[in-house]
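Hi,

Here is the structure I said I'd pass on.

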Amino acid sequence: MAKITLDNVAHSYIANPRDETDYALRLIDNIWDDGGAYALLGPSGCGKTTLLNIISGLLTPSKGRVLYDGKDVTDLPPEKRNIAQVFQFPVLYDTMTVFDNLAFPLKNRGFNKEDIKTRVLEVAQILDLTKSLNQKAARLSADAKQKISLGRGLVRSDVAAILFDEPLTVIDPHLKWQLRCKLKEVHEQLKLTLLYVTHDQVEALTFADQVIVMYEGEIVQIGTPQELFENPSHKFVGYFIGSPGMNFIPCKIDGNKAMVNGAGIELDDTTASMANKASENLELGIRPLYLQVHAKEVENSVRASVKTIEDQGNFKIVTVHLSGHILRARLPEGKPTPSENAWLKFPKDWIRLFHNEKLLTHK
Amino acid sequence: MKKRTVFFIIYMILLMLPIYWMLNMSLRTNADILGSFSLYPKNITFANYMKIFTDSSWYNGYINSIIYVTLNTMISLVAALPAAYAFSRYNFIGDKHLFFWLLTNRMAPAAVFLLPFFQLYSTFGLIDTHIAVAMAHCLFNVPLAVWILEGFMSAVPREIDETAFIDGYKFPRFFLTIFVPLIRSGIGVTAFFCFMFSWVELLLARTLTTTDAKPIAATMTRTVSATGLDWGLLAAAGILTIVPGALVIWFVRNNLAKGFAMGRV
Amino acid sequence: MDKWKDNKAWFLVLPVFILVAFSAIIPLMTVVNYSLQDIFGPGQRVFVGTEWFQEVLSDKRLHDALWRQFLFSGLVLLIEMPLGILIALMMPKKGWAASVSLVLIALPLLIPWNVIGTIWIIFTRPDIGLFGAAINSLGTAFDHTARSSDAWITLMLMEVWHWTPLVVLLAYAGLRAIPEAYFQAAKIDGASTWATFWYIQLPKMRGVLTIALLLRFMDSFLIYAEPFVLTGGGPGNATTFLSIYLVKIAVGQFDLGPAAAFSLVYFLIILLFSWLFYQVLQNVGKGEKA
C-alpha cells in the first residue's frame, strides 16, 4: 500500500515532441493518498490509459518522476513496483487452472508452496472463487475471469496499488453492479490504493472517493463526486458529468443580473461581484436538475418556449428555447409539464458563472 | 545489437543463400557456370532473361501459370467464403466430418490419382484448358481457404450479424456489403496461400495440360531435357517464378497478423 | 458462445462440397476400382479381390520406404516446428524491417518444387556450387550422390530451407494476433521470458501451429519432386520415399493394380495420423483437470 506521487509528469509517444499538441499527457503534478479509491474519468483519447501505464511502469514518462511512498520508481519495471493491473479484457493464462493463475505471481517470485497455497485460498475466499479453483480458467464467465485478474493482484500481500483499466467493459450489465460492489468490499476490507480508469461517469462516481477528470492530456478537476457535480471547475466537467450535462448560455452582466439577449436572470451578491470583475466571455451554467420550469409565470422567471419533452420513467427531460439557446431541465415525476410556453426560474444558489470556460471562484 | 537480432540475421542470410546462388547463375552463361566456381557473376549477362521474354514457349508458360493460378485463387475464395461463414456461425448435421473430409483431400498421393484425373477431365473435354488446372487445384486449395477464412470469421463478433439481420438486411447483401469488408485482411492472406500452393504444384498441372495451358514449371523441365541442362536459363526462369508471389505477399504483409490466430482448431 | 443451429447452413457449404467432390470422389472410386482388379489392357480386367493389398502389405521394400518416410517426416516436424517458432519469435515486429523479412522469408515457398531440386543440385555440387564448395573446403569429401548419410543431410537441409518459412509465417501471424495486454500482465506478474512463452505465446499459437503441423506432416509425407530431382531416390534406395517408390511401381513397372492398392494404404496412413494430430491438438490444454 502506498501513496503515489506524480512529480511533473508528462509523456509523448513521439520521440522529439515539439509543442504541446505532441504530448499525450501534458503535465501532471499530483499526490494520491494511500488507501484511497480514485477514478480516472475522461473521454477516449484523453490520456487516462497513458497515465495509468506510467503509474504501472509499462510506460516510462518523457518527463517527470513517479514516486511510491516517496521512493522514486520512475525507471523501475512493472514487476518491481508491486502493483497489480486489471485490463479491459480478461487476461488469463488459459492453460492453467484458476488456482495456478492466482499462484502465478507468487511462483514467479519464488515463494514456497505452503505460503502460496495459504495466500491463494485466502484470496479465493475474498473473491468467491473457492469453488472453481480446480477449473481451467479459460472456461469461466467473463466476470469470474476479471475476478481472477484482480485476484492475481491481491495475492501479493506487498501490493502497493491496484490499477483498473476499464475492467467492466465486457461484463454483462446485470453483473457489472455485483462486481463493482465486490470491488468496493475488497477496498474496504484491504484498504488498498485503487485507481480505476473509465469513461463511464456512473462507474466513476459510484466507485471512487475522489474522481480525477481528464481532458486532452490534462487533469481538469479532482474532487468528490458531489464537488464535481455542484462545482465543475471547467465547462468540460459540467458537460461530461451528469445526464444530461450542465446547461451553458453566454451572458453579459448588468448590475446583479445576468443578461441573456435581453432576459435578465438574477444573481446573488457574491456571484454578481465576481462577475463584474470579469467582463468578457462569460457564460452562465446551471444543472438541469436545478433549473425550474413552470407552466405559469412566477417571480424572477424568464419566458421560454418548450421544444420537446422526453419521459425517462421517474423523471422527464424538458428541452426549451431561451432566446436562441437550448436548455434542458429535469423535472421530477408528477410535476405538471408546460406545453408551449414555459417560465424558467434559475435558483440563485445553483447558478455558476464561467469565464473563458473556467468556473469563477472567490479567489 | 541484441542476441536475437544477430541470430535472425544469420538465419536470413542462410535462407537467402540458395536464392542468391540462383540469381548468381541466372546472370551467367551456361559455359561460365559449369566452367568455374564464382561467388558473384564476373561478366553479367542478361541473355537468359532476354530469351525468356522473347521466346513465346517460355513466356507463355508464365502467362498460363498466372491465368490458372489467378482463376484458382478466385474460385477458391468465392466458394470458400460462404462455406467458411457456415462453419464459423452454424452447427449443422455433419459439420465436423465435412470439415475434416475437406482436409483429407490434401492427403492423397498424386501419382496414381493422375490417370483417373486425366480421364475425368477428358470426359468433360477440359484437357489442356486453364480452367481444368484451376479446378483440379481447388482440391487442395479450397479446404485450406475454408480453414484459414473460418479463423478470421470467428474473430468477428456475431452481434454484427444479428444487428444487420434485425436491421432488415437479407443474407447476400449483408454478406457482401458488411461482412466481407470486415475480413478483408483474411481474404488477402488466404489469397496468398492459395496462390502459393497453386503456383508451385506441378504434377496435376502437367498432367492436365499439353501445350495451350502448359505451366511454367513444366516448361522448365521440358526445356532442360531438350537442351541438355541450360543452368543459366533455368536459374533465370526460377528467379522469375518468385516474382508474382513476392508481389502478392508484399500486398498482404500487413494483414498477415490480424485475427489469424483466433479461429477454430 | 454456442453457434446457431441451422441445417440450412448446408446451402452455404454446397458450392465447396460440389467443387471438391467433383475432383475427389470419382478419381478415388476409380483408384479403389483399380486396386481390386488386374488390368491387362483396355477391356481386359479381372477382379482379384484383396490380392493387391496383400501383395503390397507384405512388400519388404515398401516397408523400408515406409519407415524411411516416418523417419523423414518425424525429423522434418522435429526440426521445422521449433525452428519456425523460434524464428517467428525473433522476427522484427513492425516497420520496414518486418515487411522486408516477411517477403524474403516467403521466397523459398514460391519456387516450383521441381525447380527447388534442380537449384539444389547445383548449389551442393562440390565444384561449382556454393554449399558443396564450402563444405568440401572444410576437409570432408561431401557427396550426396555417393553416401546415403550425405544424401539425407542434403535432403533435410533442402527441406528445412524450403518449408520452415511456412511455419514461420503462420507462427508469426499467430504471435502478432496476441493482444498486448497479455504481455503487460505477464510483466506485472513477474513472469520470465520462458514463462511468457510457455503460458501465453505457445497456447495462443495453438490454432496456427495446428495448421502448420498438419500441412507440414501431409506435405512431407507426400514429398516427391524435390528428392526425385535431387537424388532420384538414391544412392541405392537410401532416399526412396513412399511417393518415389509408388511412382516406380505405377509408371516404371506399370502395375496399376498394386500401385492403386499402395496409394490407398498410403492415403489411409496419412489420414490416420492427421486425424490423431488434429484430435490431440484440439484437446490439448482444453480439457478439464480432474
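How are helix 10 of chain B and helix 13 of chain B oriented to each other, roughly parallel or roughly antiparallel? They are roughly antiparallel, since angles over 145 degrees get that label and angles under 35 degrees count as roughly parallel.

Before the details: this is a predicted model, where local features need pLDDT of at least 70 and side-chain atom pairs count only at pLDDT 80 or more, while totals for chains, interfaces and linings use all residues. Residues are numbered from 1 along each chain as its sequence is written, and chains are lettered from A in the order in which they are written.

Back to the helix pair. The axes (lines fitted to C-alpha atoms over the stretch in contact, with angles from 0 to 180 degrees between N-to-C directions) of helix 10 (residues 184-200) and helix 13 (residues 231-252) of chain B come within 9 Å and cross at roughly 165°. Helices here are DSSP runs (H or I) of at least four residues, and strands are E runs of at least two, numbered from the N terminus. Among the residues that meet are Phe192(B) and Trp199(B) from helix 10, and Ile249(B) and Phe251(B) from helix 13.

Now the chains. Contact means C-beta atoms, placed from the backbone, within 7 Å. No contact joins chains A and B, and their closest C-alpha atoms lie 13 Å apart.

Cheers

Methods:
Contact = placed C-beta atoms within 7 Å. Parallel < 35°, antiparallel > 145°, perpendicular 65-115°, else oblique.
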